[in-house]
Amino acid sequence: MSTFNIPTREEVSENNQVIFDNLKKALGFVPNLYATYANSDTALENYLNFANAKTSLSAKEKEVVNLAVSQVNNCIYCLSAHTAIGKMNGFNDEQILELRAGKASFDSKLNALAQLAKNVTENRGRTDEKVLENYFAAGYTKANLIDTISLVGDKTISNYIHSTTQVAVDFPVAPSL
């Protein structure tokens with residue numbers, strides 16, 4: 001397998017250089033996985049537009065999905081990044097480990113969401129009927145379902161990019177389950 005170097009600002013397109021500058025202002029650095037997207041002239045912008053698009057899910061709910069999906073896909077980069085983001089959204093270490101396992105004993109609605117995200121990912125979209133019924137019974141809507149599945153796809157793309165490129169994790173490494 002070839003080694004994927006993380007491109008520097010000078011090695012990416014002008015459009016990606018602007019995105020790097022904006023990321024550096026917003027985050028203080030350009031995450032390695034984002035820089036890896038910049039090997040393409042269009043992928044980083046497309047990914048960020050999709051990841052930051054309007055959704056019916058709250059930031060906290062998005063992290064539930066991101067953590068469950070990244071665990072199923074065994075992506076240490078995304079688990080590490082979303083552990084940090086999950087903490088910024090109010091989850092503690094114990095809750096994050098539970099969410100990664102596809103459950104949330106501390107919140108019944110988030111539990112239904114975590115179970116759905118895990119089930120959709122494990123079954124490649126062939127969602128178990130009981131899991132789906134539980135999701136709707138918890139108060140989620142069809143609009144939420146479409147947004148949840150879209151987020152599963154979004155996170156799976158990043159999981160696959162890291163699994164293929166194996167770029168260095170530049171967040172505190174998430175503990176094993």
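**Cores and aromatic pairs in a predicted model**

User: How exposed is Phe106?

Analyst: Phe106 has a relative accessible area of 31%, so it counts as partly exposed. Keep in mind that this is a predicted model.

User: Which ring does Phe106 pair with?

Analyst: Phe106 forms an aromatic pair with Phe91. The ring centres are 6.1 Å apart and the planes stand at 65 degrees, an edge-to-face arrangement.

User: Where do those two sit?

Analyst: Phe91 is in the loop between helix H5 (76-88) and H6, while Phe106 is in the loop between H6 and H7. The pair therefore ties together parts that are 15 residues apart in sequence.

User: And Phe91, buried or exposed?

Analyst: Phe91 is buried, because its relative accessibility is 4% and the cut-off for buried is under 20%.

User: What lies over the face of Phe91?

Analyst: Lys60 does, at 4.9 Å from the ring centre. Another charge over a ring is that of Lys109, whose charged end sits 4.6 Å from the centre of the Tyr140 ring.

User: Back to pairs. How many aromatic pairs are there?

Analyst: The count is seven aromatic pairs. One of them is Tyr37 with Tyr47: their ring centres are 4.6 Å apart and their planes are at 25 degrees, so this pair is stacked.

User: Which helices hold Tyr37 and Tyr47?

Analyst: Tyr37 belongs to helix H2 (residues 32-37) and Tyr47 to helix H3 (residues 43-51), so the pair links parts 10 residues apart in sequence. Both Tyr37 and Tyr47 are buried.

User: Which residues form an aromatic cluster?

Analyst: Phe29, Tyr77 and Phe171 form one.

User: New topic. In the largest nonpolar core, which residues touch the most other members?

Analyst: Val64, Val65, Leu99, Leu110 and Leu113 do, in a core of 22 residues. Helices H4 (59-72), H6 (93-100), H7 (108-122), H8 (129-137) and H9 (142-165) each give two or more residues to this core.

User: Which element gives the most to this core?

Analyst: H7 does, with six residues.

User: What is Leu113 in contact with, leaving aside its neighbours within four places in sequence?

Analyst: Leu113 is in contact with Glu61, Val64, Val65, Tyr135, Tyr140 and Thr148. Of these, Val64 and Val65 are also among the core residues that touch the most other members.

Notes: Residues numbered from 1 in each chain as written. Predicted model: local features only at pLDDT ≥ 70, side-chain atom pairs only at ≥ 80, totals over all residues. Heavy atoms only, no water. Core = buried A, V, L, I, M, F, W, Y, C linked by side-chain atoms within 4.5 Å. Buried < 20%, exposed > 50% of the residue type's maximum accessible area, 1.4 Å probe, protein only. Helix = DSSP H or I, 4+ residues; strand = E, 2+ residues; numbered from the N terminus. Contact = heavy atoms within 4.5 Å. Phe/Tyr/Trp six-rings, centres within 6.5 Å; stacked < 30°, edge-to-face > 60°. Lys NZ or Arg CZ within 6 Å of the ring centre and 35° of its normal.
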